[in-house]
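Here is a short briefing for a first look. Keep the sequence and the 3D view side by side as you read.

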Amino acid sequence: MSNLSQRAQKLFIQYLRENNLKVTQERLALLAEIFSTSEHLDADELLVRMKTKNKKVSRATVYRTLDLLVQCGLVRKSRLGHEHYFYEKVQPGKRHDHMVCTHCGRILEFWDPALDERQRQICQEYHFRPSFYSIQIQGLCEDCQKVEQENTFL
Ligand SMILES: [Zn+2]
Ligand SMILES: [Zn+2]
């Protein structure tokens with residue numbers, strides 16, 4: 001287990017105890033799974049991943065645990081161009097925004113400090129105190145653009 005996931009597990013256990021919730025193997029296994037990858041997972045993918053590892057977790061437990069992980073700030077929930085949500089680990093000090101290919105579903109991460117600063121300024125101008133902001137750009141990835149071009153030339 002990486003330092004990041006060890007730290008996350010510690011925080012999650014603390015959060016569960018503070019809220020009088022049970023610390024279960026299922027919950028810890030789900031957290032470990034999310035922190036084992038940099039991918040953006042939806043609830044169904046998580047369910048499949050747990051099954052292939054022979055860990056029995058119900059769909060209800062997956063959703064409930066994801067909610068808890070989001071509430072305690074360890075997991076980020078984003079609606080990425082689809083009709084459902086994706087979940088990914090939160091890495092302190094490593095913020096990022098997303099580009100989402102609406103054709104193949106590919107997700108690209110980017111981060112631009114100047115853009116971040118600009119958003120801060122805009123909030124100041126509007127006397128708005130931000131608690132969270134994120135940018136999502138939808139469009140076509142490089143591969144899908146190529147496919148599109150090839151098709152139009154046929
Ligand atoms: Zn694409
Ligand atoms: Zn991401």
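Residues 24 or more positions apart account for 49% of the contacts in the chain with a separation of 6 or more. The model is a predicted one. Of the 154 residues of the chain, 14% count as buried.

**Overall layout**

- The chain holds 6 helices and 5 strands.
- Read from the N terminus, the order of elements is α-α-α-α-β-β-β-β-α-β-α.
- Taken along the principal axes, a box of roughly 55 × 50 × 25 Å holds the C-alpha atoms of the chain.

**The largest nonpolar core**

- The largest nonpolar core has 17 residues.
- Within this core, Leu31, Ile34, Leu69, Val75 and Tyr87 touch the most other members.
- Four elements each supply at least two residues of this core: helix H1 (3-18), helix H2 (25-35), helix H4 (59-71) and strand S2 (85-89).
- H2 gives the most, with 4 residues.
- What does Leu69 touch, leaving aside its neighbours within four places in sequence? Leu69 is in contact with Phe12, Leu31, Leu74 and Val75.

**H2 against H4**

- Two packed helices are described by the angle between their axes and the distance between the axes.
- For H2 and H4, the angle is about 65° and the axes are 10 Å apart.
- H2 is therefore roughly perpendicular to H4, since angles of 65 to 115 degrees count as such.
- The crossing of H2 past H4 is right-handed.
- From H2, the contact uses Glu26, Arg27, Leu30 and Leu31.
- From H4, Thr61, Val62, Thr65 and Leu69 take part.
- By class, the residues of this contact of H2 with H4 are 4 nonpolar, 2 polar and 2 charged.

**H2 against H3**

- H2 also packs with helix H3 (residues 43-52).
- The angle between H2 and H3 is about 105°, and their axes are 11 Å apart.
- H2 and H3 are therefore roughly perpendicular to each other.
- On the H2 side, Ala29, Leu30 and Glu33 make the contact.
- On the H3 side, Leu46, Arg49 and Met50 meet them.
- The contact of H2 with H3 has 4 nonpolar and 2 charged residues, and no polar ones.

- Most residues other than glycine have a negative phi.
- Asn20 has a positive phi, near 55°.
- Asn20 sits in the loop between H1 and H2.
- Is Asn20 buried or exposed? Asn20 counts as exposed because 6 C-beta neighbours lie inside 10 Å, and 12 or fewer is the cut-off for exposed.
- His127 also has a positive phi, near 50°.
- His127 belongs to the loop between helix H5 (113-125) and strand S5 (136-139).
- His127 counts as exposed, with 6 C-beta neighbours inside 10 Å.

**Val100 in strand S3**

- Val100 lies in strand S3 (residues 97-101).
- Val100 is buried because 22 other C-beta atoms lie within 10 Å, and 20 or more is the cut-off for buried.
- Leaving aside neighbours within four places in sequence, Val100 is in contact with Leu80, Gly81, Ile107, Gln136 and Gln138.
- How many residues apart in sequence are Val100 and Gly139? They are 39 residues apart in sequence, and their C-alpha atoms are 6.3 Å apart in space.

**Gly139 in strand S5**

- Gly139 is part of strand S5.
- With 12 C-beta neighbours inside 10 Å, Gly139 counts as exposed.
- Not counting residues up to four places away in sequence, Gly139 touches Met99, Cys101 and Thr102.
- Gly139 and Gly81 are 58 residues apart in sequence, with 9.2 Å between their C-alpha atoms.
- Gly81 is one of the residues in contact with Val100.

How values were computed. Residues numbered from 1 in each chain as written. Chains lettered and ligands numbered in written order. Predicted model: local features only at pLDDT ≥ 70, side-chain atom pairs only at ≥ 80, totals over all residues. Contact = placed C-beta atoms within 7 Å. Core = buried A, V, L, I, M, F, W, Y, C linked by C-beta atoms within 7 Å. Axes fitted to C-alpha atoms, helices over the stretch in contact; angles between N-to-C directions. Parallel < 35°, antiparallel > 145°, perpendicular 65-115°, else oblique. Left-handed = near helix turned anticlockwise from the far one by under 90°. Nonpolar A, V, L, I, M, F, W, Y, C, P; charged D, E, K, R; others polar.
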